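Q: I have a model open and want to learn how to read its features one by one. Where do we start?

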Amino acid sequence: MELKIGVPDLARALARSQGIVERKTTMPILSHVLLEAKKGGTLHVSATDLDVSVSGETPCEVLREGSVAVSARHLYEIVRSLPTGVPSASLRRAQNNYLELSCGQAEFRIVGLPAEDFPALPRFDKVKFASVDPAELLSMIELTAFAVSSDETRYNLNGVFFEPSGGELRMVATDGHRLSLAKRPAPSDFGLKKGVILPRKGLAELRKLLEEALEGGEEKPDVKLGFVENSAVVARPKVTLVMRLIEGVFPDYRQVIPKAGEKRVKLSRLGFLETLRRVSLLSSDKAHAVKLDLAPGILKVLSQNPDLGEAKEEVHVEYQGDPLRIGFNARYLIDVLQALEDRPDVVLELADDLSPGVLRPEGDEGYTAVIMPMRI
């Protein structure tokens with residue numbers, strides 16, 4: 001294998017692998033990327049952890065075809081540090097699967113592994129793809145991914161539920177303490193008879209792929225999504241991402257979402273967010289508990305910690321109803337308010353101090369957050 005390639009192109013191709021490769025693994029090959037120089041002047045760069053895989057094609061000058069696997073992290077760090085002002089680098093596989101890289105006066109000789117040791121990437125010939133709007137899908141991921149459970153014993157909550165239903169696409173995540181639901185008009189049913197669970201790691205890589213598509217400068221980025229067997233496949237020109245779906249039953253989220261609360265509070269998203277950040281500085285480290293004291297026109301946000309002290313701040317709100325005192329984990333409220341970064345106002349719906357709170361952007365039924373209260 002021998003080729004010449006633009007340094008920025010190689011860096012971009014290697015960057016896609018960084019979140020996928022396993023740093024600590026009993027299979028050393030999973031910390032490597034597979035480099036394949038092929039006819040037609042393309043370098044294929046592939047990475048996998050056996051659950052999520054990505055493969056991309058990058059144009060280059062192929063002097064000799066061939067392939068080799070090398071450490072993904074070390075090769076990426078080397079390429080990022082190459083001398084500025086030198087537009088291209090040369091890569092050559094030497095004896096015993098060493099990779100020789102030269103750029104200007106810099107030369108590296110990197111230990112590699114045989115390409116034959118690299119796991120076979122999943123290939124699907126018949127995938128029913130549907131075009132997706134990358135901006136819309138990215139927005140839905142950002143509105144839900146933060147609520148995914150990190151408890152590995154509850155594996156069915158370790159991802160986002162993806163459900164096309166009745167001309168509408170719904171994405172839902174919950175960790176048992178909070179729930180986040182985003183819905184948009186669906187361009188297709190994606191060939192699914194029921195909802196599927198997209199894994200957290202796969203979603204993180206999908207987010208990067210969508211951001212890359214949107215930064216590409218194309219007027220209408222071409223991104224397609226399809227499902228086959230137990231995998232989701234995302235394709236854009238010269239890049240393919242495959243993730244294994246989580247097997248399990250997602251809880252019936254519809255039963256968790258309460259009906260409209262009697263107490264409807266309209267408030268500034270940014271003002272409420274900044275108040276919560278300040279007041280929660282003195283809340284307990286683990287629970288992040290804050291108390292909301294609601295009265296007509298005023299919402300008091302309070303925190304108390306016997307080791308640190310107490311904090312209190314008033315927020316002006318649109319509310320004319322009975323007083324209510326309720327506790328929440330400030331972190332959960334902050335996550336929602338940060339995700340709604342382009343919305344000026346939000347509505348908080350409450351029933352009583354034991355019922356969940358519902359947070360929505362003002363005038364938009366496309367997003368709903370449900371947060372369980374705390375006893376404080």
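Predicted model: local features only at pLDDT ≥ 70, side-chain atom pairs only at ≥ 80, totals over all residues.

Q: Take cavities. How many of 30 Å³ or more does the structure hold?
A: The general idea is a space where a probe fits but cannot get out. Here there is one cavity of 30 Å³ or more. About 50 Å³ of space lies in the largest cavity.

Q: Which residues line the largest cavity?
A: The lining is made by A13, R16, S17, V45, S46, V54, G56 and T58.

Q: How many nonpolar, polar and charged residues does the lining have?
A: By class, the lining has three nonpolar, four polar and one charged residues.

Q: Now salt bridges. How many does the structure hold?
A: Look for a Lys or Arg side-chain nitrogen within 4 Å of an Asp or Glu carboxyl oxygen. The structure holds 26 salt bridges.

Q: What do the side chains of R16 and E212 form?
A: The two side chains meet in a salt bridge, at 2.7 Å from N to O. R16 lies in the loop between α1 (7-15) and β2 (32-38), and E212 in helix α4 (residues 200-215), so the pair ties together parts that are 196 residues apart in sequence. R16 is also among the residues that line the largest cavity.

Q: Are R16 and E212 buried or exposed?
A: R16 is buried, and E212 is buried too.

Q: Which parts of the chain does the bridge between D51 and R244 tie together?
A: Start with the contact: the side chains of D51 and R244 meet in a salt bridge, 3.2 Å from N to O. D51 lies in the loop between β3 and β4, and R244 in strand β18 (residues 239-244), so this pair ties together parts 193 residues apart in sequence.

Q: Why does D51 count as partly exposed?
A: Partly exposed is the range between buried, under 20%, and exposed, over 50%. D51 counts as partly exposed because its relative accessibility is 39%. R244 is also partly exposed, with a relative accessible area of 41%.

Q: Where do K208 and E205 lie?
A: Both lie in helix α4, three residues apart, about one turn of the helix.

Q: Why is E205 buried while K208 counts as partly exposed?
A: E205 is buried because its relative accessible area is 7%. K208 counts as partly exposed because its relative accessibility is 38%.

Q: Which residues do salt bridges with shared partners join into one network?
A: The network holds D175, R178, R331 and D335.

Q: On to aromatic pairs. How many are there?
A: Rings pair if their centres lie within 6.5 Å. The count comes to five aromatic pairs.

Q: What is the geometry of the pair F161 and F250?
A: Check the angle: planes under 30 degrees apart count as stacked. F161 and F250 form a stacked pair, 4.9 Å centre to centre, with 5° between the planes. The pair links distant parts of the chain, 89 residues apart. F161 sits in strand β12 (residues 159-165), and F250 in the loop between β18 and β19 (263-268).

Q: Why do F161 and F250 count as buried?
A: F161 counts as buried because its relative accessibility is 11%. F250 counts as buried because its relative accessibility is 9%.

Q: Which residues do ring pairs link into a cluster?
A: The cluster is made of F161, F250 and Y253.

Q: Where does the charged end of R109 sit?
A: The charged end of R109 sits over the ring of Y98, 4.0 Å from the ring's centre.

Q: Last, exposure. Why is K193 exposed?
A: K193 is exposed because its relative accessible area is 88%. K193 is placed in the loop between β14 (178-185) and β15 (196-199). K193 and E163 are 30 residues apart in sequence and 9.2 Å apart in space, C-alpha to C-alpha.

Q: Where does E314 lie?
A: E314 lies in strand β22 (residues 309-316). E314 is partly exposed, with a relative accessible area of 48%. E314 and D293 are 21 residues apart in sequence, and 9.2 Å apart in space, C-alpha to C-alpha.

Key. Residues numbered from 1 in each chain as written. Heavy atoms only, no water. 1 Å grid on protein atoms, 1.4 Å probe; cavity = no way out; pocket = protein on both sides within 12 Å on 5 of 7 lines; lining within 4 Å. Points joined across faces, edges and corners; volume = space filled by probe spheres on them. Nonpolar A, V, L, I, M, F, W, Y, C, P; charged D, E, K, R; others polar. Helix = DSSP H or I, 4+ residues; strand = E, 2+ residues; numbered from the N terminus. Buried < 20%, exposed > 50% of the residue type's maximum accessible area, 1.4 Å probe, protein only. Phe/Tyr/Trp six-rings, centres within 6.5 Å; stacked < 30°, edge-to-face > 60°. Lys NZ or Arg CZ within 6 Å of the ring centre and 35° of its normal.
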